[in-house]
Structure formats: C-alpha cells, structure tokens
Amino acid sequence: MSKPPASTSGSTADGALLWWLVDLDAGPPATADPSVLSAEELARADRFRFEIHARRYRASHIALRQVLGQTLGIDAATLAFTTGVHGKPRLLNGGGLHFNMSHSAGWALIGVSRHGPIGVDIELLTPMDDADLLARKNFTAAEYAAFLQTTPPQRLEVFFRCWTRKEACLKALGSGLSIEPQEFEAGIGAWAQDTVINVDAQPCHMSVACIDLPIPALAAYAKLNDANSPLAM
C-alpha cells in the first residue's frame, strides 16, 4: 500500500477501509510539496492564528492529496473537491472513492473506501476531569451504564473508545453533531457493531468498529451499510 511520508498504514479485517496515520509534526519531507494544495487550502492555512496549526493543516491536506492521488493513479494537484449538504468534503469525479479525515493534535487519520460513505475519528488519550459528565450527557443509557461498570483506571480509555465510535458514525453521515450522540448506540467495546441512526424519521443502517493504532490514541471507523442510501448526506 502506498503511503505519504511520516505515516503508518493499514486496513480493516473486512477490507472495507484503508487507513493512514500521519505524523503532522515529523517535519516537512522532501515530497511534501505545498504546490499540490489549492489556492483555497493555502488561504485557509494562512488564516490560522498560530503557525503550528497552519503547518499541521498544510501537512494533513498534502498527505490527504497524496493518498487520494496514489489511490486513483492521478496527480495530487489535479484533485478537485466539493461538499455535501452538511459540509462533508467529497471528490469530484472520484470514481466512487470515498474518504474521510480526522485530526488530534499532531496526528491525522485518513480513511479511504470504495464500499460507500465512511467516517473516521481519532482522539489522543489525554487525561480529562469531566469524562463522567460528558459520558452521562452524550452516551445512551445502556452505554453509560456499561461505562459505570468499568473500573476507574479503565474509564478514560472506554470514554474515548465510545466517543470516537460515535464521531465516526456522525462523520460517515456527514451530519456533524446535528444528530445528538446520545440518540444512537455505538457501543463501548472494541468489536464491530451494527447500529441504526434515525435521520428525519428514516432509519440509516451503519456498522462501526475500532482501529488499532501504534500510538496512545483511540480511533474508529463507520460505514453506511447501503452505499446508495439517500441518507448519505
């Protein structure tokens, strides 16, 4: 599998997703050519207040273009993007290739699939004092009950596992947080799970699972079970 510099790559057991984990702080490699970025991407990078955020934005979007260009066999600079109703980026003339990207501090996770819309999410395992409060607010009753049954040392990891699974589902839909995360089950376990999210009273069937990464972070991916669903917003 081709991959951009300073990255690790892999695939899910079912082959539905190829993923790349990119170190955005590894320094600019010789192949990280900013000329592949569009004028819009360069302008957005320039709007960041701090240079570290601008640099990470440029690095992640160069990596994304490299991954998509290599996958499609075309020049990364020629890729053109559009957005869905809820702002999810999509390829113009991508030949049925779906992608999604997530960031956490100096890391980016890129997912690519030819099996329909996907979402990925990554969160570095960072200490937090309000995990219980956020779990009570954002998990379903069953998820929160299962969360409370874990031991206190386990709860931070369990929280981020469930949180990334929910985020991946919402990103697969392209709906962001317009759908409340406590409205559907994503599960606190690491195994694959089917779930249903109601969108405008229409059931959208999805599957969600975790991605094992070689860094102290939790990650997940989700895919729509019906690639042609009109709910792939």
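**Loop contacts and salt bridges**

In this predicted model, T12 is in contact with L17 and Y221, once its neighbours within four places in sequence are left aside. T12 lies in the loop that runs between β1 (7–11) and β2 (18–23). Its relative accessibility is 11%, so T12 counts as buried, the limit being under 20%. The side chain of T12 also makes a polar contact of 2.7 Å with the side chain of D14.

D14 in turn forms a salt bridge with K223, in which the closest N and O atoms are 3.2 Å apart. Because D14 belongs to the loop between β1 and β2 while K223 sits in strand β10 (residues 217–224), this pair ties together parts that are 209 residues apart in sequence. D14 is partly exposed, with a relative accessible area of 47%.

The whole structure contains eight salt bridges. One of them joins E41 and R65, with the closest N and O atoms 2.9 Å apart. This pair links distant parts of the chain, since E41 is in helix α1 (residues 39–46) and R65 in helix α2 (residues 51–72), 24 residues apart. E41 counts as buried at 8% relative accessibility, and R65 counts as buried at 3%.

A further salt bridge connects E157 with R161, the closest N and O atoms being 3.2 Å apart. Because these residues are four apart in helix α5 (residues 152–173), about one helical turn separates E157 from R161. E157 is partly exposed at 37% relative accessibility, whereas R161 is buried, with a relative accessible area of 16%. Elsewhere, salt bridges that share partners join D25, R55 and R56 into one network.

Conventions: Residues numbered from 1 in each chain as written. Predicted model: local features only at pLDDT ≥ 70, side-chain atom pairs only at ≥ 80, totals over all residues. Heavy atoms only, no water. Helix = DSSP H or I, 4+ residues; strand = E, 2+ residues; numbered from the N terminus. Buried < 20%, exposed > 50% of the residue type's maximum accessible area, 1.4 Å probe, protein only. Polar contact = N/O pair within 3.5 Å; in protein donor to acceptor, adjacent residues only side chain to side chain. Contact = heavy atoms within 4.5 Å. Salt bridge = Lys/Arg side-chain N within 4 Å of Asp/Glu carboxyl O.
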